[in-house]
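Hi,

Here is the structure I promised to pass on. Have a look at it first, and my notes follow below.

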Amino acid sequence: MPKNHTKFKAPTDGLIQMNISSAIENLKRMNDNKWRKKTKTITPISSNDRNMENNNGADIGEPQLAFNIWSSDDEGFEDKSGQDPNQTFHKKENQSTIANTSSGKNTSVEKNINIIQNISLPSNDSMMANTKKAVSSNIQQKDPKNKANISIRRTTASDKGLKSGYSKTNEIPSTSAKSPGPQSPKSPSSQSPKKEEKKMNPDFLKVMNGLISEVLNSTHLSFILSEQEKKIFKTIITSRQEYQYVCYKLYMLTWKWRNLFKFCEEIKCRLKEKEIIDLFQLMVQNDIIDTDWKKEDVTTLLNILPHSEVKDICSKMGILGKTKKDMMTNLMQHCNKQKTLPFCKSSKEIVLEKIMKKLGEYVVRIKDTYKNAFYNIFVLGTFTNSKLQDRNQYFRIMQESDFPEYTIQDHIVFYTRNDFENYTKACANREEFELLTVSKDREMMYHMGKDIINMLKNILSNDNDDDRFQEAPHLKRFTAVEVYKKLLTKICDALKKHHFDDVHEWLKYLIETFPKSHRLADWYYDLSIINETNWKNPEGAANVIIQALELKKEYLTETQIQQLGEKGRQLKKAKGVSQLNHDIIVKLLPVVADLDDFPQVTIDAPAIRGKPGRKRHYPVQNSDGSKEYKSVEQIALEYYERCGFPSGEHCEGSIILATFTLFFWDIIYNPDIVVPGTFLSRYQQFPLDMYSTYFYVHRKELIDKRLRDLAENWSDQHTLDFVTEHWIKYSHKSGLTNVANYIPNKEHLNSIVCCIGRKLLSGIYQRLVKDLGQYKSGMPDLLVWNEHDKKAKFIEVKGENDKLSVKQKLWLKYLISIGADVEVCQVHTIGSKKNLKTTIKNQSKIKNDDASFSKSCINSTPRKKKRCNSEDSISYFETPPSSPVPRKKKIVKRKSENNVTPSPKKIITISSRSGGITKKQIVAIDSSVFEKITIM
């Protein structure tokens, strides 16, 4: 029997009796010094539990009592009565308890007396009452310094689920004084609960099983898999859930050597040791894991070990190092330089032995066969949704997504296993290129480009089936050829300034091989850049643009024609371009909109200049004195709020796309509209022809009718009821766009629709629906509206030195043509070089007209346009000491007529330059008398 553990058991003659004297003696012992710092708990147990523990087979009789007294400080203690001591509530005594104890009152004991008096009785009430009374009276005679915690629990053998040595109990919390000192009083409800142990995520298991089942049950996808691959996954999904979880995690996490026991512990998979060994054998039999890890070199094995274990190996061998990399380097140098005697182990062998001890026996890594099989399953299940193709983000996106309802079609995309393998290789190259883009490794990109050219030639030489995509041409993008075309286009764009000779040959091959591709504009544009910039041949660049606009115009989109036309305008002015080419370019150039064709407003605001290529941030002083940094769009929104548009969003067309989704939901996901090859998986967010011109062609009649109804036939109320009903049903769905992210409630939706207007919305949708892939981007940055006045405005915001893109110009031009209120808002930085040069230029033109000059100094601008300060106040430009100032010019202040110094005053800096030396003078002036400035 463990120390500090005493049991009192009532006799089994049916009468409830207690050895009170023995109980009191034990309570006295708790008063000694060695017991004061220990928490005691007296727990009654049923004689039935004792009978079950002893297996004596006695008949179950009346509930009987026994006491267990143990110390909570005893580690590793096991309660023989079946009650887990860790489940007993132990609390520190509060300050009031300590004070009462010092004054001769033991509140802790009194509380436990009350607990005893209020406890429920067994069937023999009178006898139990006498027992309780005797216990209470004897405890009251005890030393008041006693700090024991006493609680009684009643159990019976009739409790269900009892096991030998354990009993179901209703515990009574008790307080204990474990250490002196002030403590805040805590109630039993404030006791912090024990943290729940993390378990394997059942949602992850559900998502992964759903992916595999989706592929295996789809006849148009599963025939691609080999019999070995099907066997592997059928074995996995029919095994235990814990086994499935481990197999999936081995693929989803980093592919490296792992100890299977530690790995199961890391992923919180509760498996017994024997079960882990069974799992190991199962994975070996199904060719899932590789176990031959001892063939790896020492460096690879050291990389597997955590920092602490590498440090332990180094310390035992007397090798120093701060980081894991340093320790590994020093360890390898020691292994390579250390000389050993014959018949003795080398340092390398000693290190290997230590590594083997650290890693253990069951070290595994997934095999390439399983890796490729899982990758094939993953590609087949996610190729219809590009957002799901990153395996590291797959589970998170699947958890957040609620896909629309539609009818899945059995349409074949990959006709042969070879087609699918070529596609998966192309996808793998695409993923590798994305990593190279981040690392900016151009040499690897160059070698990849050479390999892609060879693979394209090889695939095209063996591919003679050009008619299989006639029924569903939008599915052609799921071929290796289309993936390589897009990938090689990106590689050419990244390398055109570095490996331009090879890139020139690749581009010519693409143009000759795919003369009707929708990527022709990109290829011709890059060819012109190489001729103009790298080869210094503007005449050759002009010939490229002429060839594109003259011979390939029918295969170019509106945006592509404008982009090539913009390049042609630059080339026709370049030196070295012949007059003939100049005239041809002028003849072929499309009509383009210029910045001056759009309404404009300019805002001046102070800014913090950031690094090149990054947006500026504008400091704003709040009413409470704090400073806040805002973007250029936020500065514009605040300005338009003061101009009568209290509501606004920086959305770049997202709100328009969200309302488009709601108005056309029943057409996009209509089960009665059967378009071959549009819905092939239940993980799609939209039909596969959504971002092509085929979407409108396949549903032309229904779309045109909806546009007419919205513009002419529906009333305002019917329009609001229709779109509100769709918002209630579908706003939470992961459709074409996530509507709830941009339109959080019905009121917000109704306000936007009413302010823009039915007719204007119909016109915008008419452009979008015909080619969503081309027209989705380029919409104005801001949408502001006034619900009271039922008006809305589209604003394109530009910071200093920013220019309108071709797509933005086309959208602004189109919005004006359908009657929308649009504006270009330019936010200029106060004190920027651009504003300084403009100010000086305007000052030099005006010498005599003081009033005109004062106005130009305050609101200087190179064009006629509305201009205002972001704070509705005058902007003062201070000339930096290093800024060039024209010679023989001096800025002085003219005194007011009455020679009275007004107040308040403003501080400005007046600079003059004489003999190469800049002189500065600080002048205090009143803004109301700041009337005239002259140039000397």
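Let's start with a pair of helices: the axes of H10 (residues 241-252) and H12 (residues 273-285) come within 11 Å and cross at roughly 60°. Helices here are DSSP runs of H or I with at least four residues, numbered from the N terminus. The axes are lines fitted to C-alpha atoms over the stretch in contact, and angles run from 0 to 180 degrees between N-to-C directions. H10 and H12 therefore count as oblique to each other (under 35 degrees is roughly parallel, over 145 roughly antiparallel, 65 to 115 roughly perpendicular, and the rest oblique). Their crossing is right-handed, meaning that the near helix is turned clockwise from the far one by less than a right angle.

On the H10 side, Tyr 243, Val 246, Cys 247 and Leu 250 meet Glu 275, Asp 278, Leu 279, Leu 282 and Met 283 of H12; contact means heavy atoms within 4.5 Å. By class, that contact has 7 nonpolar, no polar and 2 charged residues. For the classes, Ala, Val, Leu, Ile, Met, Phe, Trp, Tyr, Cys and Pro are nonpolar, Asp, Glu, Lys and Arg are charged, and the others, Gly among them, are polar.

H10 also packs with H7 (residues 202-216), at an angle of about 80° and with the axes 10 Å apart. That makes H7 roughly perpendicular to H10. Phe 204, Leu 205, Met 208, Asn 209 and Ile 212 come from H7, while H10 brings residues including Gln 241, Tyr 245 and Met 252. This contact of H7 with H10 has 7 nonpolar, 3 polar and 1 charged residues.

Ala 658 counts as buried because its relative accessibility is 0% (buried is under 20% relative accessible area, exposed over 50%, partly exposed in between, with a 1.4 Å probe and protein chains only). Leaving out residues up to four places away in sequence, Ala 658 touches Thr 737, Val 739, Tyr 742 and Ile 743. Tyr 742 is 84 residues from Ala 658 in sequence, yet their C-alpha atoms are 7.1 Å apart.

How far to trust it? This is a predicted model, where local features need pLDDT of at least 70, side-chain atom pairs count only at 80 or more, and totals for chains, interfaces and linings use all residues. Numbering runs from 1 along each chain as its sequence is written, and side-chain values use heavy atoms, without hydrogens or water. The average pLDDT (the predictor's confidence in each residue, from 0 to 100) is 75, and 66% of the residues score at least 70. It stays under 50 over residues 1-20 and over residues 832-867.

Cheers

Key
Helix = DSSP H or I, 4+ residues; strand = E, 2+ residues; numbered from the N terminus.
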